[in-house]
Amino acid sequence: MRRPRIRRPRSLAGQLFAMQIVLVTVVVAGCAAFAYVADRGQAEEAARREVTTAAVAVAASSSVRDAVRSPDPAAGLQPYAERVRRDTGVDFVTIMNPDGIRWTHPDPARIGERYLGHTGPALRGETFSETYTGTLGPSVRVVVPVRDGDRTVALVSAGITVDAISAEIRRQLLGLLLVALGALGLGGAGTYLLNARLRRHTHGMNATELSRMHDYHEATLHAVREGLLMLDGQHRIALINDGGRELLGLTGEVMGRRVDALGLPPTLTDALLAAEPRVDEVHATADRIVVLNTSPVSGGERHGTVVTLRDHTELQALSGELDSVRGFAEALRSQAHEAANRLHAVVSLIELGRADEAVEFVTAELELAQALTDEVVGAVAEPVLAALLLGKAAQANERGVELVLAPDTHVDDGLLPPRLPARDLVTILGNLVDNAVDAAAEEANRSAAEVRHAQVTVTLRTEAGAGAGGSSSGGELLLRVTDTGAGVAPEVMEEVFRRGWSTKSPGSAPHGRGLGLALVRQAVRRNGGTVSVTGSRGGGAEFTVRLPLHATHPADPPPTPAVRTGAPS
């Protein structure tokens with residue numbers, strides 16, 4: 001059994017083609033009908049002028065008046081009228097007496113009969129025209145009086161039959177039809193070509209399918225959390241969804257603007273302007289870390305670029321925390337290894353009968369470890385910061401760097417407001433300490449010949465007074481990290497927070513280079529604080545972060561991170 005064939009709706013191009021063919025046909029037919037009516041009217045008007053000229057000429061002839069005075073006017077007028085009829089191309093020239101009795105006629109048998117038509121206006125001395133059915137059928141005729149002094153002595157009527165006019169119109173109509181058919185053919189061919197192009201561009205879809213696709217398109221743009229941009233061939237924004245605006249921090253009307261006029265970071269702008277595709281590139285905006293992919297749109301020529309953006313901020317923060325946990329695990333592994341070595345030493349001392357030396361050795365190790373713990377916990381009662389500093393101290397010790405707390409470090413437990421996330425504190429302090437330890441260790445290794453002591457100093461304290469947001473209430477949290485590394489050159493101090501800036505070798509950062517300080521700046525800005533870098537007294541770098549402890553109004557824009565040069569305050 002054959003399945004019934006479901007008829008698919010005609011495509012938009014097909015519908016337009018059919019409508020345009022009908023429209024062209026109607027226009028051409030209307031023009032042809034108008035031309036026919038106009039030509040018929042013009043033909044009748046031309047015939048009326050032609051017979052008027054002939055009749056007036058005959059009426060003005062002196063030979064006609066002479067013949068009228070003769071005893072037999074018909075004998076002299078008939079040959080003359082026929083000669084005029086043949087010369088002018090009219091169908092009849094009839095000369096009659098005032099009573100309407102014919103003296104001439106194309107059919108000699110009709111001479112002497114009464115003229116069929118109106119003569120009253122001509123008898124009053126007027127020239128008039130009419131369409132009347134006479135002996136030769138319907139005709140367009142003119143009647144002109146023949147005057148002899150003040151008297152009307154005869155009447156002249158000249159005419160062309162309607163059949164003759166119709167025959168002329170039919171000849172013109174044939175040419176008109178040929179022109180109309182030619183116009184219809186050209187219009188149909190042009191319409192077909194245009195609709196073939198439209199069919200390619202609409203992929204054969206009909207209006208309902210296009211409307212549904214537009215609705216799906218709009219719904220998808222608003223539903224997708226990832227950012228989507230479409231750039232035209234001049235790198236102007238042709239389309240952007242809500243996710244793209246949010247990830248790039250764009251506000252206001254951006255459609256039609258070039259990407260290099262949006263105020264985006266230079267590296268991100270360069271990636272958007274690049275002709276070649278970009279795959280999973282990580283870029284930092286003012287507030288986020290985004291992963292960018294671009295793909296050019298081409299069809300014989302470059303039409304634009306499709307850009308997708310993924311939010312990498314949370315993932316990067318989690319990656320930083322994972323790196324911290326990995327560092328903690330590595331520190332615990334190292335400490336376990338050292339503890340095993342110390343335990344073997346204690347056991348060996350006991351086996352050698354040196355119990356007193358064993359007790360003294362263990363007591364000294366415990367006092368050293370406990371002293372560091374007591375120092376950190378006593379100065380920093382906030383558990384997240386205390387745990388982070390203990391772990392970073394162990395990591396630094398493994399690399400031969402001493403991590404110390406400044407004497408004025410003091411942070412009470414519960415002092416930090418709930419709105420200040422612990423994750424942001426870990427991101428800020430962890431990245432600053434990691435960079436300081438790397439710089440101090442690298443500088444110590446470079447100058448190993450002179451046995452330089454590598455040290456990182458951390459300052460944590462709360463300060464009362466005006467906060468970073470300009471308020472006089474709530475105070476602020478101060479985080480300062482100073483190292484004994486090579487420092488930051490004054491000419492690059494404004495670049496250290498840019499994504500991609502790094503002093504490390506290309507292979508020294510397996511998880512990406514130059515991202516830590518960019519994350520620090522983002523976390524500081526999210527919390528309404530400032531971050532600055534200066535040179536330290538020991539020759540290294542000093543990073544200072546100030547975070548307000550009061551609530552920042554949501555409408556207030558986060559302040560721009562400050563960059564200062566010179567000695568620390």
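This is a predicted model: local features need pLDDT of at least 70, side-chain atom pairs count only at pLDDT 80 or more; totals for chains, interfaces and linings use all residues.

Modeller: Residues are numbered from 1 along each chain as its sequence is written, and side-chain values use heavy atoms, with hydrogens and water left out.

Colleague: How many salt bridges does the structure hold?

Modeller: A salt bridge is counted when a side-chain nitrogen of Lys or Arg lies within 4 Å of a carboxyl oxygen of Asp or Glu. By that criterion, the number of salt bridges in the structure is 18.

Colleague: Which residue forms a salt bridge with arginine 69, and is arginine 69 buried or exposed?

Modeller: The partner is aspartate 66, with the closest N and O atoms 2.8 Å apart, and both residues lie in helix α2 (residues 62-69), 3 residues apart, about one turn of the helix. Helices here are DSSP runs (H or I, at least four residues), numbered from the N terminus. Buried means under 20% relative accessible area, exposed over 50% and partly exposed in between, with a 1.4 Å probe and protein chains only. Aspartate 66, at 47%, is partly exposed, whereas arginine 69, because its relative accessibility is 52%, counts as exposed.

Colleague: How many residues apart are arginine 526 and aspartate 424?

Modeller: The side chains of arginine 526 and aspartate 424 meet in a salt bridge of 3.0 Å, N to O. The pair links distant parts of the chain, with arginine 526 in helix α13 (residues 516-526) and aspartate 424 in helix α12 (residues 422-446), and their separation is 102 residues.

Colleague: Which of these two is buried, aspartate 424 or arginine 526?

Modeller: Arginine 526 has a relative accessible area of 40% and so is partly exposed. At 8% relative accessibility, the buried residue is aspartate 424.

Colleague: How far apart are the end C-alpha atoms of helix α11?

Modeller: The expected span of a helix is 1.5 Å times one less than its number of residues. The 16 residues of helix α11 (residues 383-398) should therefore span 22 Å, and this agrees with the distance between the end C-alpha atoms, which is 23 Å.

Colleague: Which residue with a positive phi follows α11?

Modeller: Within α11, the buried residues include Leu385, Leu388, Leu389 and Lys392. The residue that follows α11, with a positive phi near 80 degrees, is glycine 400.

Conventions: Helices (H or I, at least four residues) and strands (E, at least two) are DSSP runs, numbered from the N terminus.
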